[in-house]
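Hi,

Have a look at it first, and then read on whenever you have a moment.

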Amino acid sequence: WEQVKIDPMDKGFLVGDCVYDAGRTFDGKSYRMKDHIDRLYRSLKFIRLDPRLTPEEMTDITEEALQRNEHLRAEVGDHSFRQWVTRGPGRWTRDAGPPTVIVRVWPMGFNQYAHLYETGVHGVIARTRSYVTGTVEPKLKHQSRLNFSMADLEVNDVDPLAWPIITDMDGNITEGTQYNVALVTNGVIRTPTDHSILQGVSQVAVRELAERLDIPCVEEDLQPYDLYTADEVLFLASSMCVMPVTKVDFRQVGDGKPGPITQQLLAAWSEAVGVDV
């Protein structure tokens, strides 16, 4: 850490002109690295930022960083990884550069959520909304996340144990602050459309697992009503995979316990990665 030097005039830190992606390992092996790199480079293309590295080079650097930290993994179980690319220093965006590229590896924070696989998470719908297309494109994995910070503070005021659920300007459910949202109604997995959400790698993984398990999966506009009346609610992220939600706005979800489809998905994910999630 003492060797890291960041230009304080970098536009990534001045105005949040930065995109990133994040993933994890299972038993030391990177998970869906290509999906994460592909999404990173879609974000870079959209904001017209050349990282001066090919996707293959970014992949190699990330895998090397993981290998350099492999000797520490026994203490922590597995690692997370993240790539950032900022615009670089400059007064005007059009003239800024060269870009700053960061690849970081650090321990998975299992202690933050491991116990919640049994009890489930509480969700609260925040007042702060998702960004809309035309302001900051929701499909970007970008660093300008003040709305996420505000949502977290608002939800903490309501229930310090709860995690935020965010809606768009029309009141449709979008996502959480670090995770996608899904629900189960009558045996069907339902996920929001991608109009106002980040296209989650874990969301894709769940669709693939659902197909193998012959569980129907649909994408549609979802409102708070759908969360309140769902049989199961799930948070999806590469870090925690599938996390059951047992309360939303203090309303019990289903019977208040992690549901059967949640358990099926967790078992199938575990089998796919060779680790008991």
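This is a predicted model: local features need pLDDT of at least 70, side-chain atom pairs count only at pLDDT 80 or more; totals for chains, interfaces and linings use all residues.

Let's begin with helix 9, which covers residues 260-273. Its 14 residues reach 20 Å from the first C-alpha to the last, close to the 20 Å expected at 1.5 Å a residue. Which of its residues are buried? They are I261, T262, L265, L266, A268, W269, S270 and V273. As you know, an α-helix has 3.6 residues a turn, so residues three or four places apart point the same way. Just after helix 9 comes G274, with a positive phi of about 75 degrees.

L213 brings us back to this helix from another part of the chain. It sits in the loop that links helix 7 (201-212) to strand 9 (217-219). Once its neighbours within four places in sequence are set aside, L213 is in contact with Q264, L265 and A268; of these, L265 and A268 are among the buried residues of helix 9. L213 itself counts as partly exposed, because its relative accessibility is 30%. From G200 it is 13 residues away in sequence and 20 Å away in space, C-alpha to C-alpha.

Finally, the surface. W1, V4, I6 and F13 form a nonpolar patch there, and together they have about 490 Å² of accessible area. V4 belongs to the segment before helix 1 (11-14). With a relative accessible area of 51%, V4 is exposed, because the cut-off for that is over 50%.

Best wishes

Technical notes. Residues are numbered from 1 along each chain as its sequence is written. Side-chain values use heavy atoms; hydrogens and water are left out. Helices (H or I, at least four residues) and strands (E, at least two) are DSSP runs, numbered from the N terminus. The expected span of a helix is 1.5 Å times one less than its number of residues. Buried means under 20% relative accessible area, exposed over 50%, partly exposed in between (1.4 Å probe, protein chains only). Contact means heavy atoms within 4.5 Å. Patches are made of residues with over 30% relative accessible area and no salt bridge: like charges are joined within 9 Å, nonpolar side chains (Val, Leu, Ile, Met, Phe, Trp, Tyr) within 5 Å. Accessible areas come from the Shrake-Rupley method with a 1.4 Å probe; for residues, only the protein chains shown count as cover. A salt bridge is a side-chain nitrogen of Lys or Arg within 4 Å of a carboxyl oxygen of Asp or Glu.
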